[in-house]
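Please consult the structure shown here while reading.

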Amino acid sequence: MSTTALNPDRVRVPKLRLENVTKTFDVRGTKDTFTAIDDIDIDVAAGEFLVLVGPSGCGKSTLLDLLGGLSEPTSGRILLDGEPVTGPGLDRGIVFQQYALLPWRTAHHNIEFGLEAKGLPRNERREVADHYLELVGLAGFGDRYPHELSGGMKQRVAIARSLAFDPEVLLMDEPFAALDAQTRESLQDELLRIWNATGKTILFITHGIDEAIYLGQRVAVLTSRPGRVKTFVDIDIDRSGEDVRSTEQFRRYRHHIWTLLHGEVERAQVIEKETVHV
Ligand SMILES: Nc1ncnc2c1ncn2[C@@H]1O[C@H](COP(=O)(O)OP(=O)(O)OP(=O)(O)O)[C@@H](O)[C@H]1O
């Protein structure tokens, strides 16, 4: 088990680079500012699966907005393949906790959405949509509307939609948080399979320690407000066995990350109470 305070040198040519990223917000009705994210430095290698785990309110969603180009850092830079991110783009696919499917479109048409923007002809759009439906295990469900699909199926469609326009990076914001435990575990396996099949670079945000260890090649543990990277933990587990989460190896990682997070969660709760009483 290795823990490093700085990014490992092995990440030489990052796909995605967050360079001293800070985000502050104006506090309404005052001249004060509030620092949500403070001086975050992260390099994500091409094809890496990096998980960010942190206490509530540490700035995970703020970070995702920045990566998605939905807002701008107050200082610092975000680079994708060396180029600054200046706004939203099809080079980044985002999967949110809530499925964000268009209810009036079938699964096929939801997946084809980004492809229309790319100007792909109709028959090619359908081919791509079918390919990704099959990849997420939903071949034959293309004609279903979101209300005809279970929560897990909707999230699979959302993943297929993000993959269909072939983004450079897949950004996932607690995509399985709203699902029941069994569905979540099966989608975690699906996601690892898809990652192996596509070689995509994935940045995945979660509250869940088990989820972080199960999915990540590397886990960035964030501090409570303001969000900083407390440490990176390299995950090296054998995922081929039956019940990976019950192994001694897994248990050790769980305890290690729990210990790192525990103090942060307590600190976050104190800060939250103080904020309420201001
Ligand atoms: N537009 C905004 N204006 C002011 N403060 C904001 C704004 N957006 C977020 N914040 C504050 O920044 C901090 C980080 O918020 P963020 O939603 O990124 O945290 P989070 O880690 O995603 O939380 P959770 O895990 O609970 O979803 C919070 O204290 C939040 O109140």
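The points below treat the strand, its pairing and the domains in turn.

This is a predicted model, in which local features need pLDDT of at least 70 and side-chain atom pairs count only at pLDDT 80 or more, while totals for chains, interfaces and linings use all residues. Residues are numbered from 1 along each chain as its sequence is written.

**Strand β8**
- β8 spans residues 169-173, and five of its five residues are buried (20 or more other C-beta atoms within 10 Å of a residue's own, with C-beta atoms placed from the backbone).
- V169, L171 and D173 point one way from the strand, whereas L170 and M172 point the other way.
- Helices (H or I, at least four residues) and strands (E, at least two) are DSSP runs, numbered from the N terminus.

**Pairing and crossover**
- β8 pairs in the parallel sense with β7 (residues 92-95) over four bridges, pairing being defined by at least two DSSP bridges between two strands.
- Within this pairing, G93 has L170 in β8 as its bridge partner.
- Five bridges join β8 to β9 (residues 201-206), also in the parallel sense, and V169 stands opposite T201 in β9.
- From β8 the chain passes through helix α5 (residues 181-198) to β9 in a right-handed β-α-β crossover (clockwise from the first strand over the helix to the second, with the strands pointing away from the viewer).

**Domains**
- The chain is divided into domain 1 (2-91 + 169-277) and domain 2 (100-166), with bounds from an automatic or database domain assignment.
- Twelve residues of domain 1 are in contact with twelve of domain 2 (C-beta atoms, placed from the backbone, within 7 Å).
- On the side of domain 1 that touches domain 2, α5 supplies the largest share, six residues.

Technical notes: Buried ≥ 20, exposed ≤ 12 C-beta atoms within 10 Å, placed from the backbone. Contact = placed C-beta atoms within 7 Å.
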